[in-house]
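Please have the viewer open as you read.

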Amino acid sequence: QVQLVESGGDLVQPGGSLRLSCAASGSILRIDFMGWYRQAPGKQRELDAVIPSGGSAVNADSVKGRFTISRDNAKNTVSLQMNSLKPEDTADYYCNAVLATLSSGRPSDYWGQGTQVSVSS
């Protein structure tokens, strides 16, 4: 069984910063991709940033220059440093991992439970 556990969501003022963290645990064989998605009320879930196990990160246009994704392959963790936050960044943020387990050997999508980020004065 695999678990993704996020932390770091909070209420922050516009222009402020937050750091989200996610740790994957369980019977993991390998993690191909780790990423962060957001879902605002009434909207579809959308990608903010994704980072492969051995490559460069890809960021959504809306967060370029403000958000930075990083990953620790040894610890199976991924973080999202969010700077210059705007009210429109208010959403539930979800950690995602495309990973293969020891039993399946094939990559599948796994999601965390979400962490809430509110940007408001």
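## The pocket and its lining

For the lining, Ala, Val, Leu, Ile, Met, Phe, Trp, Tyr, Cys and Pro count as nonpolar, Asp, Glu, Lys and Arg as charged, and the others, Gly among them, as polar. This is a predicted model, where local features need pLDDT of at least 70 and side-chain atom pairs count only at pLDDT 80 or more, while totals for chains, interfaces and linings use all residues. Residues are numbered from 1 along each chain as its sequence is written, and side-chain values use heavy atoms, with hydrogens and water left out.

The lining of the largest pocket divides into seven charged, four polar and one nonpolar residue. Among the lining residues are Arg 38, Lys 43, Glu 46, Arg 66 and Asp 89. A pocket here is an open set of points on a 1 Å grid over the protein atoms alone where a 1.4 Å probe fits, with protein on both sides within 12 Å along at least five of seven lines; lining residues have an atom within 4 Å of a point. The volume of the largest pocket is about 160 Å³, taken as the space filled by probe spheres set on the points, which are joined across faces, edges and corners.

## Rings and a charge

There is one aromatic pair (ring centres of Phe, Tyr or Trp, its six-membered ring, within 6.5 Å; planes under 30 degrees apart are stacked, over 60 edge-to-face, the rest tilted). Tyr 37 and Trp 111 are edge-to-face because their planes stand at 65°, with ring centres 4.9 Å apart.

Arg 45 sits over the ring of Trp 111, 4.7 Å from its centre (CZ of Arg or NZ of Lys within 6 Å of the ring centre and within 35 degrees of the ring normal). Arg 45 also lies over the face of Tyr 94, at 3.7 Å from the ring centre.
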